[in-house]
Amino acid sequence: MERPGIIKHRAAALRPAPNWTDYEAERAGFSWDGVRAALDFLPCGGLNIAHEAVERHARGEQGERVAFRFIGEQGQSDLTYAQLSHQTNRFANVLAGLGVGRGERLFVLAGRVPALYIAVLGSMKRGTVVCPLFSAFGPEPIATRMSLGDARVLVTTPTLYRRKVEALRDRLPGLRHVLLVRAPGEARQEIPGTLDWDEAMDGASGLFDIAPTSADDYALLHFTSGTTGTPKGALHVHGAALTHWTTGKYALDLHPDDIYWCTADPGWVTGTSYGIVAPLLHGVTSIIDEAEFDAERWYRILREQAVTVWYTAPTAIRMLMRAGPAPARVSTYPALRMVASVGEPLNPEAVWWGEEVLGHPIHDNWWQTETGGIMIANTPGFDIKPGSMGRPLPGVDACIVTRDADGAVHVATEPDTVGELALKRGWPSMWRGYLNEDARYRKCFDGDLYLTGDLARCDADGYYWFVGRSDDVIKSSGHLIGPFEVESALLEHPAVAEAGVIGKPDPTVGEMIKAFVSLKPGYEGTPALRMELLGHARKRLGAAVAPKEIDFLPSLPRTRSGKILRRLLKARELGLPEGDTSTLEAGA
Ligand code: ATP
Ligand code: MG
């Protein structure tokens, strides 16, 4: 369906009004010092994420506000800010009692249960560096990450420990303590070399003096998604709180009474920066869904919890689109004010789907594990150009750079130049190193520019458009083609649920464009449908950019954070080794 290239903002109709309505003025008047004034800081002048996220709200009336509402198999349970303060103090005391010091590393391997959130924030209070891992990882990726990260403590469950860690524990000589969190009602078992979470917490005081961390002290370790290769361990500092607060305000438009739901797992940076830190910094209530994706349940949560701000990912939106509009249309979502997405390019079709089915367009935003927080975003105060990632946030200086024949970097001055997306250093949540890979870290910078590895263009209105990762871009008959635009065109066809596009070496054109497509229920991958899709793409994109081959797959290989693994599609197509598959979603 042909649609207009713009969705006009409805800022005047939104209640509460968006936090950001004058793009230039807000950016011009912005300073990180101004943000510092909005935070509390420790009595000693230091900065600690957990203090800003929890303690600031735990005292007084705000203490009774629900910080996290967990929706689990056995119903719903709430943790208020005051309770979260008490529990995280206890956990910080547990660590102190075990002799775990500042800067040492604690890993969490658990589902989205309360103990995970308590462990993450309690570790920060102690000054311990925390690394949440996705609980669906297999033993090998867990052991590799814990060994690389020199894990001193692990918080996990008896089942996960037995299944995934016990057999490999001798590879982790530095791992001194393992705390096991039992499910409600689960009997205690004696497992050698482990401690019981409840017992340790019961004996710990609820008072704790937060470690006097500075803005430059490490707080978090996050592994990248592994979309382009072996995941890298990115180290983040307590000062990142300034970015989390700022982006919570501008990009997610958080207001004090919001009921906010971030669907990402804390095993990925989104699930920590925006599933834990940013909403707490703004004192809002977060919904935590302990279960995995299910279209009907998700719509029910949106409705029953009266979610106002929803932050999700393209893969989830595509799954909802695949389920069709019927489950969404069971009811309306009167409380919902803002829907945002991150992680992958968001096809225009998905932006429109939000508008048509939820009553709100999806606001795409862009960032990376390395940036620690949202850098470029569509926000409710401004028009959306579906397919664009939006514009840089206050405090973020972005540009497009190209390289000349000698490899020197030049900032593009002409709109719509395709080049590498770069950011000027100086935003507080920039990662401060890759674990054990100093040279790789240094290579990411050219003077004061961080080169992101993503190709994009910036139009005359300052909107950024994702073209592709530099590794995924296809060179065909002299054209530079981003898989995203080809995939977006395929997604406009009613039969297509997902599309992944690669370049396949070809003696004539350099690389031939090949698409892999999974279909919506009710469609069959017949030769006639293949012809129809090839024709549809040619009509939309022109012969030079349209795919020449289309294969149907039941689903596309994805990372556990939901990104299409084009490198795997390519390796499989060419019969090459698959490389690091530690983050590959099961069954993909
Ligand atoms: P690895 O670095 O290990 O290959 P990764 O880059 O996928 O994995 P993340 O840091 O989780 O790991 O993802 C960041 C990347 O995701 C970005 O560099 C970009 O390629 C992609 N991305 C995130 N948001 C968007 C978006 N809104 N539009 C397009 N791409 C996006
Ligand atoms: Mg990356």
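Which helices and strands each supply at least two residues of the lining of the second largest pocket? They are α13 (348-358), β22 (464-469), α15 (483-491) and α16 (527-541). Helices (H or I, at least four residues) and strands (E, at least two) are DSSP runs, numbered from the N terminus.

This is a predicted model, in which local features need pLDDT of at least 70 and side-chain atom pairs count only at pLDDT 80 or more, while totals for chains, interfaces and linings use all residues. Residues are numbered from 1 along each chain as its sequence is written, chains are lettered from A and ligands numbered from 1 in the order in which they are written, and side-chain values use heavy atoms, with hydrogens and water left out.

The second largest pocket has a volume of about 650 Å³. A pocket is an open set of points on a 1 Å grid over the protein atoms alone, where a 1.4 Å probe fits, with protein on both sides within 12 Å along at least five of seven lines; lining residues have an atom within 4 Å of a point. Grid points are joined across faces, edges and corners, and the volume is the space filled by probe spheres set on them.

The lining of this pocket has 24 residues, and Pro-348, Pro-386, Trp-465, Glu-485 and Ser-488 lie nearest the centre. With four residues, α15 gives the most to the lining. By type, the lining residues are 13 nonpolar, four polar and seven charged. Domain 1 (49-395) and domain 2 (474-574) each contribute at least three residues to the lining; these bounds come from an automatic or database domain assignment.

The chain has 17 helices and 27 strands. Its C-alpha trace spans about 70 × 60 × 55 Å along the principal axes. Of the 588 residues, 60% count as buried, meaning under 20% relative accessible area, with exposed over 50% and partly exposed in between (1.4 Å probe, protein chains only).

Asn-436 is in the loop between β19 (419-424) and α14 (438-443). Ser-477 is in the loop between β23 (474-476) and β24 (479-481).

The peptide bond from Arg-15 to Pro-16 is cis, with omega near -10 degrees. Pro-16 belongs to the segment before α1 (23-28).

Notes:
Nonpolar A, V, L, I, M, F, W, Y, C, P; charged D, E, K, R; others polar.
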